[in-house]
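Student: I would like to learn how to read the inside of a protein model and the sheet that goes with it. Could we take one feature at a time?

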Amino acid sequence: VSSTEVHLFWDPPNSSDRNGMIIGYLLNITSTGLSEKRFQVMADSQNISVNSLHPYTTYICTVAAKTSIGAGPYSITASVQSFEDVPTSSPQDINGYALDSTTIYLSWDPPPAQDQNGIIRQYIVNLTEVETGRSYPLTSASTSVTVPQLHPYYTYQCSISAYTIGSGPYSEIYSIKTLSDVPSGPPTELEVIVINS
């Protein structure tokens, strides 16, 4: 149904196996993956929507019918996966250095696994030239990027977001400066003054 909700439905036991009036159903639900969590819910009918789930997580479900005496045996297991969502954390540990006067290299770690909420398809890198305010929108399929054709001895600020089905939060700003270089132009307006004859 969504990244945090799934809909489950089932058939009742065969009439010969009910042994009384079915008054409800017990569902055991277990998440798989990084942190296994188990919980139980009660349903009055043969379907239920379960919410407050974690995005992009597989859940194993079993259901048992209940009479006034108690619950019967549990069904075979069924699995369901919640949909993807945007990451809830930003990329971590941004580092970088200048390769030369016009090129920088940036690297980072993905958001924590429990906050990725799906498959990270790319990273969006916002790079801004401090001296001019010029922006360089970049994307990278990996956790690093080399940025050429920058200005010598300028400061650049970057922030990075992970993208699944949408962009997550951006990281804190990381600043880096290109190396200095020889002047790219000559001195201007040279004047000569004769001091004496």
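Student: Which residues have the most contacts inside the largest nonpolar core?

Tutor: In soluble globular proteins, nonpolar side chains tend to be buried together. In this model, which is predicted, the largest nonpolar core has 18 residues, and those with the most contacts inside it are I104, L106, W108, L127 and L150.

Student: Which strands each supply at least two residues of this core?

Tutor: They are β7 (92–98), β8 (104–109), β9 (122–129), β11 (144–147) and β12 (155–163), and β12 gives the most, with 4 residues.

Student: What is I104 in contact with, leaving aside its neighbours within four places in sequence?

Tutor: I104 is then in contact with Y97, A98, L99, L127, V145, T146, V147, L150, I176 and T178. Apart from this core lies another, of 14 residues, which includes L8, W10, Y25 and A65.

Student: In what order do the 4 strands of the open sheet stand?

Tutor: The order is β10-β9-β12-β13, with antiparallel pairing. Because β10 (135–140) and β13 (174–177) stand at the edges and each has a single partner strand, one side of each is left without a neighbour in the sheet. From one strand to the next, the twist averages 25°.

Student: Over how many bridges do β9 and β12 pair, and which residue in β12 is the bridge partner of V125?

Tutor: β9 and β12 pair over 8 bridges in the antiparallel sense, and the partner of V125 in β12 is I160.

Technical notes:
Residues numbered from 1 in each chain as written. Predicted model: local features only at pLDDT ≥ 70, side-chain atom pairs only at ≥ 80, totals over all residues. Heavy atoms only, no water. Core = buried A, V, L, I, M, F, W, Y, C linked by side-chain atoms within 4.5 Å. Buried < 20%, exposed > 50% of the residue type's maximum accessible area, 1.4 Å probe, protein only. Contact = heavy atoms within 4.5 Å. Pairing = 2+ DSSP bridges. Axes fitted to C-alpha atoms, helices over the stretch in contact; angles between N-to-C directions.
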